[in-house]
Amino acid sequence: MVQQQWSGKTDGTTWMQRSLIAMLRIIPCEVFYGVLLVVVPFYMLFSRKSYCAIYRYFRHRLGYGRVRAFLNVYWNHFLFGQVVIDRFAAFAGKQYKFEIDNLHLFDELVAGEGGFIMLSSHVGCYEMAGCMLTSKKKPINAVAYDGETAVVSRNRESLMLRHNMKLIPVKRDMSHLFAVNSALDRGEIVSLPADRLNGSPKTVRCMFMGEEAQFPMGPFSLARVKKVPVLAMFVMKEGSRRYHIYLSRVENAQQFACDIEATLRKYPAQWFNFYDFWNKE
Amino acid sequence: MEDLIPYLKKEIIEVLNLNDITPDDIDEDASLFNEGLGLDSIDALELIVFMEKNYGIKLSNPNEGKEIFKSIRVMAEYIQTHRTK
């Protein structure tokens, strides 16, 4: 189960990532997008597993023909490269435009008493919302798998500090649970991914894009145990400097799956789970 | 203390919905996680909330928490000395 999943790391060595951030301070993102156009075909060629997973997604889940599916895999990888660059550009201080649907859902929960949960997923670029949807009143605690390199983590952290956010790394010793529990007790926001199993034995089967898929039970059990409301957030790329944020209230895993599906119907190429999500095992 | 152990076993079965386990199946010295009862992270969270609600014990230090959930007996001993209700 575990080995077929995404390693959770951004590709590239430490010095590459550091120089990318340095270059993004002076060179416009669009130049890097141009480089991607050339790099993506090689990536598709050499990263067969992710190629196949995304190809099957377009073929079987969206019913595209062979040529259309192939072209969309290219487009999907290209967009993924773009959001990775945007993420580094945000570390470098670049500004983006955001349009937000249902912002009142976030504002109401922030204004009210008590903490709440925000669910992330690997569609669009959730992390870009860190530049935008933040609150002075309630810090956001982002639960993250501890796979990223030191540069990504450190830059994430400095960006996060600026926006009243904290990282809670998931550890084997379950120490993150104490941090999550205390954060919710303090009335803060806990944000966590809800489309990765990460070896968790407890899953919920949900109808998703016309076929059953497994979702982790953890985030929804957490909401039940702590009796806190849950918001799903999708941050979708609409232009080179433009993102659209969608917010919705979620009661259970199936509803979350439906919300991801609705988002993917609008932005089919921004599905960034590069493994067989509809694995039958 | 000796009364607390069977009570804890019953409560844990109920809180964690361990329907196919009876209090007698649980060894009070066996580990709750991993090979023992085999609880997972959400169960751990349920136990954290359980300790708080029932005994007023707030567990915020992960190292301490790990020690406390070692076994039912260790839990009972901790509750005995730290409970505020």
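This is a short chat about a predicted model.

Me: What do the numbers and letters follow, and which atoms count?
Reply: Residues are numbered from 1 along each chain as written, chains are lettered from A and ligands numbered from 1 in written order. In this predicted model local features need pLDDT of at least 70, side-chain atom pairs need 80 or more, totals for chains, interfaces and linings use all residues, and side-chain values use heavy atoms, without hydrogens and water.

Me: How many disulfides over all chains?
Reply: 0. A disulfide is a pair of cysteine sulfur atoms within 2.5 Å. For A:Cys206, the nearest cysteine sulfur is that of A:Cys258, 8.1 Å away.

Me: Is A:Cys206 buried or exposed?
Reply: Buried, because its relative accessibility is 1%. Buried means under 20% relative accessible area, exposed over 50%, partly exposed in between, with a 1.4 Å probe and protein chains only. A:Cys258, at 39%, counts as partly exposed.

Me: Which residue has its charged end over the ring of A:Trp278?
Reply: A:Arg61, 5.4 Å from the ring centre. The cut-offs: NZ of Lys or CZ of Arg within 6 Å of the ring centre and within 35 degrees of the ring normal.
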